[in-house]
Structure formats: structure tokens, C-alpha cells
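Here is a friendly briefing to read beside the coordinates. Please have your viewer open while you go through the points.

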Amino acid sequence: MKKFINKVDDILTESLSGFALAHNDLVSLHLDPNFLTRKQLAQNKVAIISGGGSGHEPLHAGYIGYGMLDAACPGHVFSSPTPDQMLAAAEAVHTNKGILFIVKNYAGDVMNFEMAGEMLAVGHATVLTSDDCAVINSTYTTGRRGVAGTVIVEKCVGSLAETGASLQACKALGDKVNSRTASIGVALTSCTVPAAGRPTFDIGDNELEMGVGIHGEPGRRREAMREADAIVKDMIDAILADFTSRNLGPTKNSEVLLLVNGLGATPLMELYLIYNTAAKLLVDAGLNVTRSLVGNYTTAIDMAGASITACLLDDEIKQHWDSPVHTPALRWGC
Amino acid sequence: MKTTFILSSALAIHAAIVAHEADIESLDRAIGDGDHYINIKRASEVIAGMYNELVPLPPDEVLQKIGTKLLSSIGGASGVLFASFFMEMAKVAKINGTNNKLEIAAAFAAGVQAIVQRGKATVGEKTMLDVLIPVSTTFTLSAAAGKTTAEICQALKDAADIGLESTRAMIATKGRAVGLGERGIGHLDPGAKSCQVMIHAVCNLILKD
């Protein structure tokens, strides 16, 4: 393992401190329990709080700020944060309009947020994100994982919350965006959890993992490495099949937001190459790609690989995607 | 069950987890996401480090403090599940006491039931419960049958071994391994493995006395 580390146990605190220092116009960091809030706390709106294991930067702390999150709770690397972090964050940012937790659908995150909710005296609701179509949903599993589509949910819900909308309305929009979003990831290499010190899984130079999770969990299948167009076609096919299986159409000229997300060690040059193919394939399928985002938005530490996310837009989602946002990792319109 | 026994168990568990690092880690690398050993080791270290704080307290308060500490310092699924176990065990221990085998078995069963409820999982889903539920059932039945301490400990170790081995053929329907589907067949569940290691550690401690 070759990484920028002083002491393995200090990675998280030192990284969070650097993040807070670099963005001290936007965020404040609180340690023990660890959580981050906006520098200027918002008034009279639903407080939007997210959190999850660290190692997915800029998720979630990078999305704190106007038009997105009010607070984020970072856990240890790839491990859910704890209820006391969530309660402290809630205490710091809640106003009179309730709290909305945005939680990626992983057992640890779900259970810890659930426990925090049970201990919370303030009105609250939860949006569970589950956009990863690599895991087939069924009644006998914990279901689909939440991955890069979470960024779209956080952006849209954050925008609606700024208008003073109710907790119920914010939850409804979050659930809607999630229900119209599908993602799939592919890994070319493993990631290395710093405390483990070695790659999470073995993968040959001539192999890829299709459907990989953002913690390096194995996906649908191990495949031979191929040219990019063939890999991207399989990913887009999976997303379109998922939309069809969920009766979402899509109908001709449906508008789509296309997010090509790097998993940590794949350069932008390749992400744009993926975008080029993915956009063409969606157009070939009769869709209208009218919004796009390309970059590292939900990473898996140092994994080489990428995920593709498509969100079927409607007027409401478009309005909240386009609205001004000012966070460390996402900024436009203001 | 005395406070000193709980604390000796915590030290024995910590030592056993560290001794099984390679086993647990390789299982988690195969079907998990590589952080289970780190979390379990951190948890057992934190609890072992509370020795001086806990030693003057009665057993139910010790269990409660272990639970709240796990809840606030570990994270992940294992943190909240083990926290639920200890907090529920503490509740039952406080009401009914833990003065004999039946009462201890009842408190243990309540703790396992708290994991079932929090995790919404049961036997056969390739999780820690594939070890903990059979161990708990065996504990309750053998305590009710008036078995000796040595007999009970041996029965619990056997139940843990059989439960662990049963996860090998399972397709995971809970936890991080769900995405694997049939590819997980042939691998033991890392959470079940760490529980089996803990059950052995505590039983071996009792058998040694």
C-alpha cells in the first residue's frame, strides 16, 4: 500500500480537518462525535442530513451548503456513522420544520439511522437511496444499494427544502427521484482500505468486475477486459432493462440526466470517453440527454472504475436539479 | 454472572479476535468489503480498554455501558447490532438478575432477539445469526435440562461450529454479501465466523477454570 498517511488511525480526523480548513467559508467541523454543518446555519427549512462511511468523498460532506445538505455524518472508512453523530448533527441544524435523513441502503447505515430516529425527539423522515441496479431487488434481500444516484437525490431534495417545503414534500421528492434513477458500476482494480493495508479483492490485469459496489463488494460477474464501448453498452443495457422492469418506460424523447462518476482512480479523460459512448447509446435508445455531470462524485477510495447513473427527468426534478447550489463539490447558479 | 467474569470474557474475546485476524479477514475479503475485522478488533479493543471503569459496577450496568460504548464508537452494522445485544441483555439482567444458568441463558436469548429485531434477519440468511440463534437455543435448552457448566460450554461450542459451517452453502440475503448471489456459495460468512470465535473464547475461559 502506497498512500499519503501519517498514522492510519489519524487519517479520518486529518482529512476532515483539511476539508474543513479548505472550505472554511462553507462548512464547520465538529469532532467527537464527528459531524459537519453549514457555516451559516439555515433557518426555517427542513434540515437535510446525510451520512455514511468515509472513503466516498466528496460524498457526503462535499455536498453541505446552500441548495443541498445542512449536515453530514462521516463514519469510519466504509463503515456507517453512529447514532450519536446523527443526534448531535440533528441538534445542531434542526429548525422548526423537521429533519430529513438521506441514507444509502446498506444494512449498517439503515440500522444506525433507524436507531438515531428512535432516539430523536424532533419530527423526522428518511429517504433511502437504492439506485444500484446491479443488485436485483427482491423480497428476500436487503435490496438494492444506494450509490452515485444519491447525489441527485441530495441535490433535488436540498433545492426543494430551500423553498420552505414541508418534511413530507421533501421526502416525497427524494423518493420520486430515487425511483426514477438507476446506476451500475464497473471496477478495473480493487480499492485498498487504509486500515486493512491491502486490496479488498484480487482482480487480474485482464479482468473487470461488472456491477461492483462502492465498497468493492463483488458485483454481478467477473468478466474479461474489453474495449470501452462494449463495457459501456452492457452498463447502459442494464440501466435501460432496469427502467423497463420498473415500468418507467422510458418513452421516446424522455429527458435524462446522465451522470458518469469516477470511483477514485480513473482519470477524467476516461470518464469523458465513457460519457461519449453512454450518451450516444441513450440517444440511440430514443432518449434525450439534457442534463449531465461527469467527475468524481461518489468514490470508492482508490478504485479504478466508473459508474453510470441515469435519472429520468420530469419538470419538477429538472427545476430542482437546475436551481442554484453552493457546496464544496457542486456549485452552479450562485 | 459476576462483573469479573464479563470483563475476563471481554479480554478473552479481544485476544481471540486478534488471533483469528487472518481467517476473518480473508472471509471478508472474499464476500464482504474488507472492514469487518477492523471493526470487530476496534470494538473488542475499546471494551477491553474499559476494564478499570467497569470493574466496580454491577453486571447489568457493565453490560449497559458496553452496549452504549459500542453504539457510539464502532459504526457499521456490527456496531449497532452488538450494541443492541448488550443493551437488551443489560435490561433483562437488571430485571431478572443473572444468578444462575437459566437467568444467564434468558438474558443472552434476549440479546440475540434484539439483533434479530434490529437486523430484521433470521437463520439461513448467511449472517452472525446463523451462529447466535442456535447457540442461544442450545443454551436455553441445556440450562433447562440441568446440564453441567462443562457440558453446556461444549454444547455451545459445537452449536457455534455447526452454525458457522451452515453458512458455507447459503446464498446471502442480508448484509454486504447480498450482491454476490450464488457466487457467495462455498464461503463462510465473516460475521458468523467472528461470533463463533467469540463463543469459543468465552466457553474456553469457563472450561479452563
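Predicted model: local features only at pLDDT ≥ 70, side-chain atom pairs only at ≥ 80, totals over all residues.

Residues are numbered from 1 along each chain as its sequence is written, and chains are lettered from A and ligands numbered from 1 in the order in which they are written.

**Confidence**

- The model scores ipTM 0.86 and pTM 0.92.
- Chain B has a mean pLDDT of 94, with 99% of its residues at 70 or more; pLDDT is the predictor's confidence in each residue, from 0 to 100.

**Domains of chain A**

- Chain A is assigned domain 1 (9-176) and domain 2 (181-313), with bounds that come from an automatic or database domain assignment.
- The centres of the two domains, taken over C-alpha atoms, are 23 Å apart.
- Between them, 19 residues of domain 1 of chain A are in contact with 28 residues of domain 2 of chain A; contact is counted when C-beta atoms, placed from the backbone, lie within 7 Å.
- Helix α4 (residues 149-162) of chain A gives the most to the domain 1 side, with four residues; helices (H or I, at least four residues) and strands (E, at least two) are DSSP runs, numbered from the N terminus.
- That domain 1 side has 11 nonpolar, four polar and four charged residues. Here Ala, Val, Leu, Ile, Met, Phe, Trp, Tyr, Cys and Pro count as nonpolar, Asp, Glu, Lys and Arg as charged, and the others, Gly among them, as polar.

**Where chain B meets chain A**

- The contact takes 24 residues from chain B and 32 residues from chain A.
- On the chain B side, α3 (36-48), α5 (59-73), α6 and α7 (101-119) each supply at least two residues, and α6(B) has the largest share, four residues.
- By class, the chain B side divides into six nonpolar, 11 polar and seven charged residues.
- Helix α6 (residues 76-96) of chain B reaches 31 Å from its first C-alpha to its last over 21 residues, close to the 30 Å expected, that is, 1.5 Å times one less than its number of residues.
- Of the 21 residues of α6(B), 16 are buried; buried means 20 or more other C-beta atoms within 10 Å of a residue's own, exposed means 12 or fewer, and partly exposed is in between, with C-beta atoms placed from the backbone.
- G97(B) follows α6(B) and has a positive phi, near 80 degrees.

**Loops and backbone in chain A**

- D32(A) and P33(A) are joined by a cis peptide bond, with omega about 0 degrees. P33(A) is in the loop between β1 (27-30) and β2 (35-38) of chain A.
- D32(A) is not a glycine, yet its phi is positive, about 55 degrees. D32(A) counts as exposed because 12 or fewer is the limit and it has 11 other C-beta atoms within 10 Å.
- Another cis peptide bond joins E57(A) and P58(A), with omega about 10 degrees. P58(A) lies in the loop between β3 (47-54) and β4 (71-77) of chain A.

**Buried or exposed?**

- D242(A) lies in helix α6 (residues 228-245) of chain A and is buried, with 22 C-beta neighbours inside 10 Å. D242(A) touches C133(A) and A182(A), leaving aside residues up to four places away in sequence.
- G286(A) sits in the loop between α7 (268-284) and β11 (288-295) of chain A and is exposed, with 12 other C-beta atoms within 10 Å.

Notes:
Contact = placed C-beta atoms within 7 Å.
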